[in-house]
Amino acid sequence: MDTESKKYITGVIRDKAGELGFDLFGIAPAAILSENGEIISQWCAAGMNGGMEYLSRNIAKRIDPGLVLDGAKSIIVTGLNYYTERKQGGGDIPVVSRYAYGRNYHDVIMEKLNHITAIIGKLDESANSRTFVDSAPVLEKAWASRAGLGWQGKHSILVNRNIGSFFFLGIILTDIALEYDLPAEDLCGSCTMCVDACPTGAINNNRTIDARKCISYLTLEDKTPLDDGMIESLQGRIAGCDICQEACPWNRHAAVHNHPEFDIPEELRSMTSGDWLNMTREDHQRIFGNSAISYRKYEIFIQNVKKVTTALVNKNA
Ligand code: SF4
Ligand code: SF4
């Protein structure tokens, strides 16, 4: 493809991403992420992936986009802001992470990405593309950093200098060459605020997290109920954890999202500790059935809700 065509197609894709409401956009050239492969292997060997065994499989595939899409040349990365200050009540109310408030982001982003791949297909009929949202075969944060969307903070999450870190990533792998963005600069410097704020000491010193200690993992992925001895350290978190992100100075002026599908439902916002303690299977389905945490089974969720809420009620009595 000549330079003019590349420039034209890149411009059309970029404009379409803006039209679709993406807050961030960038493109990186495909490459093998050898350094990331070593870090993942060591992380898994140390058992830090907890029960997420799938993360230790197919590492060669995960670091080589050419093994995911034959002839992959470009990685398109999008960011969708979900930051809000409209949250649940405090005190004795168990806390849900912001990302789980609204509609399941996988669906929202996938719909938008499919519009972009359709445009690519129209512009170049021979193009092959694949879309990914939060899925194991693609190292989203590494690509997002290379595509200039932000840098991987010490808490391992991507941070953007303008909108902070509360945003979802979406990826398109395509086999056409495009114009590329420059990687983002790392602006953590000597800051350690996320590391200091983490109540369970889950943040390692190489921009990875020990999942076995991370509240996000323990409340949403772990197959066993929360250990009674750790309830105090959860700071009321019951589904995910925003503590390290809330501590980050780059989120002090985080832009509030303008995607109504991610707004907190009024029912979730106004729930009392009594509502949480008495949550039925039907309530759970109604409140979280379309959210990104719908996969978390009621049986284990309610056990954890009762432990965390009871501790909060006792503390606030
Ligand atoms: S999500 Fe919570 S538990 Fe996990 S690293 Fe961040 S602060 Fe620590
Ligand atoms: S809190 Fe500090 S160290 Fe952590 S991600 Fe933000 S800037 Fe980086």
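Contact here means heavy atoms within 4.5 Å. On that basis, and leaving aside neighbours within four places in sequence, threonine 208 is in contact with Ile39, Trp43, Ser156, Ala202 and Ile203. The model is predicted.

**Ligand surroundings**

- The residues around ligand 1 are Cys198, Pro199, Thr200, Ala202, Ile203, Ile209, Cys214, Ile215, Cys241, Ile243 and Cys244.
- Sorted by class, this shell around ligand 1 comprises 10 nonpolar residues and one polar residue, with no charged residues.

**Threonine 208 and its setting**

- Threonine 208 occupies the loop between helix 6 (193–197) and helix 7 (215–220).
- With a relative accessible area of 12%, threonine 208 is buried, because the cut-off for buried is under 20%.
- Between threonine 208 and glutamine 152, which are 56 residues apart along the chain, the C-alpha separation is 9.5 Å.
- Two of the contacts of threonine 208, Ala202 and Ile203, also belong to the residues around ligand 1.
- Ser156, another contact of threonine 208, is itself buried at 7% relative accessibility.

**Residues with positive phi**

- Most residues other than glycine have a negative phi.
- Serine 156, although not a glycine, has a positive phi of about 80°.
- Serine 156 is located in the loop between strand 5 (151–152) and strand 6 (158–159).
- Aspartate 134 likewise has a positive phi, near 55°, and is a residue other than glycine.
- The loop between strand 4 (129–132) and helix 5 (140–146) holds aspartate 134, which is partly exposed with a relative accessible area of 42%.

**Helix 1 and helix 4**

- The axes of helix 1 (residues 3–19) and helix 4 (residues 105–123) come within 10 Å and cross at roughly 155°.
- The two helices are therefore roughly antiparallel to each other, since angles over 145 degrees count as such.
- The crossing of helix 1 past helix 4 is right-handed.
- On the helix 1 side the contact involves Tyr8, Ile9, Val12, Ile13, Lys16 and Ala17, and on the helix 4 side His115, Ile116, Ile119, Ile120 and Leu123.
- These contact residues of helix 1 and helix 4 comprise nine nonpolar, one polar and one charged.

**Helix 11 and helix 12**

- Helix 11 (residues 281–288) packs against helix 12 (residues 298–316) at an angle of about 100°, and their axes are 11 Å apart.
- Helix 11 and helix 12 are therefore roughly perpendicular to each other, a term that applies from 65 to 115 degrees.
- Arg281, His284 and Phe288 of helix 11 make the contact with Tyr298, Glu299 and Phe301 of helix 12.
- By class, the residues of this contact between helix 11 and helix 12 are three nonpolar, one polar and two charged.

**Further individual residues**

- Threonine 78 is part of strand 2 (residues 74–81) and is buried, with a relative accessible area of 1%.
- Apart from neighbours within four places in sequence, threonine 78 is in contact with Phe22, Leu24, Phe25, Leu113, Leu149, Phe168, Leu169 and Gly170.
- Glycine 47 is situated in the loop between helix 2 (34–45) and helix 3 (59–63), where glycine 47 counts as partly exposed at 24% relative accessibility.
- Glycine 47 and arginine 212, 165 residues apart in sequence, are 8.2 Å apart in space from C-alpha to C-alpha.

Note on methods: Residues are numbered from 1 along each chain as its sequence is written. Chains are lettered from A and ligands numbered from 1 in the order in which they are written. This is a predicted model: local features need pLDDT of at least 70, side-chain atom pairs count only at pLDDT 80 or more; totals for chains, interfaces and linings use all residues. Side-chain values use heavy atoms; hydrogens and water are left out. A residue is near a molecule or strand if one of its heavy atoms lies within 4 Å of it. Ala, Val, Leu, Ile, Met, Phe, Trp, Tyr, Cys and Pro count as nonpolar, Asp, Glu, Lys and Arg as charged, and the others, Gly among them, as polar. Axes are lines fitted to C-alpha atoms, for helices over the stretch in contact, and angles run from 0 to 180 degrees between N-to-C directions. Helices (H or I, at least four residues) and strands (E, at least two) are DSSP runs, numbered from the N terminus. Angles under 35 degrees count as roughly parallel, over 145 as roughly antiparallel, 65 to 115 as roughly perpendicular and the rest as oblique. A crossing is left-handed if the near helix is turned anticlockwise from the far one by less than a right angle, and right-handed if clockwise. Buried means under 20% relative accessible area, exposed over 50%, partly exposed in between (1.4 Å probe, protein chains only).
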